[in-house]
Amino acid sequence: MKPSNFIICVAALPIIACTPTLPSTTYQKIDGQTMGTSYHITFEMPDGANGDEIQASIDARLDEINNSMSTYQDNSTINKFNALNAGQTIQIDPNFIKVLSDSRLIYEKSHHSFDPTVHALVELWGFGAKMSVERLQNPPTQAEILAVRNTIGLDKIVLNGNELSKTTDGVGLDFSAIAKGYGVDMIADILKSKYNINNYMVEIGGEIATNGVNDKGLPWTLAIDKPIMGSTATNREIMTTVTLSGKSMATSGNYRNSLDYDGKTYSHTINPHTAAPVIGGVPSVTVIADTTAVADGWATALTAIAQDDAIKLADQNNIIALFITKDGDNWQIHKSQAFIAFEAQGKN
């Protein structure tokens, strides 16, 4: 799993929207801040619509999500839940329920590779706010790991209606690996349901939803970076592009938040099965899905395990996934069977 907060989680931003300068006054851009990162929206402005009103609606919705699920807000619902003892309950809102439901589905289908209760392991390894080679030199003892592992597992979270509880003291939730995707979905919902906007691209920290066409009347073209160590969102090389309309896309990669130690590259992502940082994981994986939350969660799941296992898992679950791997000095693209079928459908 990725680190446990919104800010660290968005360090891997391998995707940006590749759209030309907008000459048409009917297409507008809105930018803002949320979840420790920024959002960017390009859309066809309806006649008579007010851009400030649209942005105010979006910001209000994002504030609701942060108030519910941000680990950075002391009074957020998720922090209140994490402070509870076993058996105590708290009422949660529909946003929380939806993200928990999506998380549980991915948790089960990924054989627990995606687990929003794994934050305690991230902190134990010293990868919560900053990666540290010192921790790899002096790793946690088996006793320390065992003590924390007893608090890991989404099966220890119980939802009864809108009341949430835990079965074990110390269990905590963190939706950093799926909340940005959910935020993208909620912005898209506002554009469609409240303002009847059908042509748009929405992005938060690299997670993207698309619909309709761009200002050229074409589907949206999105770029996927080469997962080069040390690259940034402004200093990057494009590996390939994907064309989307009516679908969402998320990319997860360890190359912008990892370190080398004793001849091995360690990811900031913790493998819930081994209770240790991922070694030999996929440098970058892009997932396409009907919702950005699901794409976000699956992209994390597929980078939390070894590369060969991730490729098998994607095919087993019919996930539309594009893996960027490395053979020696050469970058290679591996596409899941569902991705190959998705591409073929688009060409017909």
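**Figure 1. Leu 62 in helix H2.** Leu 62 lies within helix H2, residues 51-69; helices here are DSSP runs of H or I with at least four residues, strands are runs of E with at least two, and both are numbered from the N terminus. The model is predicted: local features need pLDDT of at least 70 and side-chain atom pairs count only at pLDDT 80 or more, while totals for chains, interfaces and linings use all residues. Residues are numbered from 1 along each chain as its sequence is written, and side-chain values use heavy atoms, with hydrogens and water left out. Leu 62 counts as buried because its relative accessibility is 2%; buried means under 20% relative accessible area, exposed over 50% and partly exposed in between, with a 1.4 Å probe and protein chains only. Leaving aside residues up to four places away in sequence, Leu 62 touches Thr 34, Tyr 39, Gly 183, Ile 187 and Ile 204, a contact being heavy atoms within 4.5 Å. Between Leu 62 and Gly 183 there are 6.5 Å in space, C-alpha to C-alpha, although they are 121 residues apart in sequence.

**Figure 2. Packing of helices H2 and H8.** Helix H8 (residues 176-195) packs with H2 at an angle of about 145°, and the axes are 10 Å apart. Axes are lines fitted to C-alpha atoms, for helices over the stretch in contact, and angles run from 0 to 180 degrees between N-to-C directions. On the H2 side the contact includes Ile 54, Ile 58, Leu 62 and Ile 65, and on the H8 side Gly 183, Met 186, Ile 187 and Ile 190 are among the residues met.

Figure 3. Strand S2 (residues 27-34) and strand S3 (residues 37-44) run antiparallel and are joined by 8 bridges; two strands pair if DSSP finds at least two bridges between them. Gln 28 has Phe 43 of S3 opposite. The hairpin has 2 residues between its strands, and Met 35 takes a positive phi near 55°.

**Figure 4. The sheet of 8 strands.** This open, antiparallel sheet has the order S2-S3-S7-S8-S11-S15-S16-S17. S2 and strand S17 (330-335) are the edge strands, each pairing on one side only. From one strand to the next the twist averages 15°. Within the sheet, strand S11 (residues 248-253) and strand S15 (residues 284-289) run antiparallel, joined by 6 bridges, and Ala 250 has Val 287 in S15 as its bridge partner. H8 packs on the sheet and touches S3, strand S7 (200-204), strand S8 (207-211) and S11, its direction making about 150° with that of S7. Helix H9 (residues 292-303) also packs on the sheet, touching S8, S11, S15 and strand S16 (320-327), at about 25° to the direction of S11.

**Figure 5. The sheet of 3 strands.** S4, S6 and S5 form an open sheet in that order, with antiparallel pairing. Strands S4 (90-91) and S5 (157-160) stand at the edges with a single partner strand each, so one side of each has no neighbour in the sheet. S5 pairs with strand S6 (residues 163-166) over 4 bridges, and Asn 160 has Glu 163 in S6 as its bridge partner. Helix H4 (residues 94-109) lies across S5 and S6 and runs at about 130° to S5.
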